[in-house]
Amino acid sequence: MLGFVYHLYVLVSVVLCNPIHYNYTLKDFNNNPAVKKLQEYITIDSSRVENIELVVDFWKRQAADVGLSFAVYRPAVLPVCVLTLIGRQPDLPSIMLNHHGDVVPAYHSMWKYPPYSAHIDENGDLYGRGAQDTKSVGIQYIEAVRRLIKNNVTLERTLHLTVMPDEEYGGSKEVRFNIIGQGGHGSSLVNGSAIEKVQYLLNTALEFRKEQLKIRDAATKLDYGSYTTINVNMIEGGIAPNVIPKNISVVMDIRLATSVNAADVQAMLVSWLSNLGDDSTMEFIRLDERSPATAVDSTNPFWIAMKDTLNNRGITVTPVVLPATSDMLVLREKFSIPAIGFAPRNNMKNKIHDANEYIPVSNFLKGIDIYYDLIQKLANLSQNS
């Protein structure tokens, strides 16, 4: 979510390891302008692509309120928002703070509070789709910048806040099997039905998944890059209750371990396809064969600046591979723009894409303080960095 427009590669996410204690009250939360902005943002149901223009309107208002220039680009129809604060030396490589304004859909019946109500409970937890992924981060960015401007802090490098419209809509590394089988009347027992082939595919995929679970359980904690994840996320087919479907679609989301060769996984999938019959096909909704990483050590001044800033706040960081950051992958792979994923979400359950997604408001507010320090440090690195 933090991007540096500079010719390096970075593939890390940062986890806050030690607890941070806050002294806020519910009254503070209800009266805090930053909290109100997060609530307003969450009430936009941006799981619906037709609502993404409401996100644009929201960020246009934030830019005007803070005093940033605002632009919208539509390279692939959907709008990308860019809010800009010009630095004192605009010729230096700039800093990009990225988050996505779209969210995944929510099963309303599974939530304790409506997913777009942004309800704050008696414990000070704010519930809503996007509270963790990643609307809270976007508001933390803009509020940190607001404070910088208010305090007359000068940044050497230009700062861009970007809002992506389709990180969730686009998916990542997904493969679709279109399975063709013998159809017929619902009362018959045909051989070679599509559902029989689906059962084979599911059994095979789940066996592979069991192998990866063993690797995960034996791995060092937070070593997300040591195993491949595979999940069957969509199964579609059938035209009527009394008709055996001739064609069924199965979508799998596969994210590769760092040690795995993409060509080997493709060969495995082709072998699965060969057992589904000659008419069945396979297509990639998205395929990324390569995602180069950069050393997170003394050779990278941006990483050092980030780590030192957090350490000065008493925060220990551990760099880990996090495969669920598809915006960063595109920046690194296609444009040679490195990205470090960072979100100050400590001591809370990971509810990304889950029911009852939430963020403790105290964590959210403390995150603004953290970004306030980070932005200054990164945007004021020397020209030689």
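**Close-up views of a predicted model**

**View 1. Gln62 sits in helix α3 (residues 52–66).** Helices are DSSP runs of H or I, at least four residues long, numbered from the N terminus. Gln62 is buried, with a relative accessible area of 3%; buried means under 20% relative accessible area (1.4 Å probe, protein chains only). Leaving aside neighbours within four places in sequence, Gln62 is in contact (heavy atoms within 4.5 Å) with Lys37, Ile142 and Arg146. This is a predicted model: local features need pLDDT of at least 70, side-chain atom pairs count only at pLDDT 80 or more, and totals for chains, interfaces and linings use all residues. Residues are numbered from 1 along each chain as its sequence is written, and side-chain values use heavy atoms, with hydrogens and water left out.

**View 2. Helix α2 (residues 33–42) has buried residues on the same side.** Buried here are Ala34, Val35, Lys37, Leu38, Tyr41 and Ile42. Asn32 caps the N-terminal end of α2. A side-chain oxygen of Asn32 lies 2.8 Å from the backbone nitrogen of Ala34.

**View 3. The largest nonpolar core has 62 residues.** Such a core is a set of buried Ala, Val, Leu, Ile, Met, Phe, Trp, Tyr and Cys residues joined through side-chain atoms within 4.5 Å. Trp59, Leu83, Leu126, Leu159, Phe364 and Ile375 have the most contacts inside it. Helix α10 (residues 361–379) gives the largest share of this core, eleven residues. Apart from it lies another core of 18 residues, including Val175, Val198, Phe208 and Leu273.

Technical notes
Buried means under 20% relative accessible area, exposed over 50%, partly exposed in between (1.4 Å probe, protein chains only). Helices (H or I, at least four residues) and strands (E, at least two) are DSSP runs, numbered from the N terminus. The arc is that of the directions from the helix axis to the C-beta atoms. A polar contact is a pair of N or O atoms within 3.5 Å; within protein, one must be able to donate a hydrogen and the other to accept it, and residues adjacent in sequence count only if both atoms are side-chain atoms.
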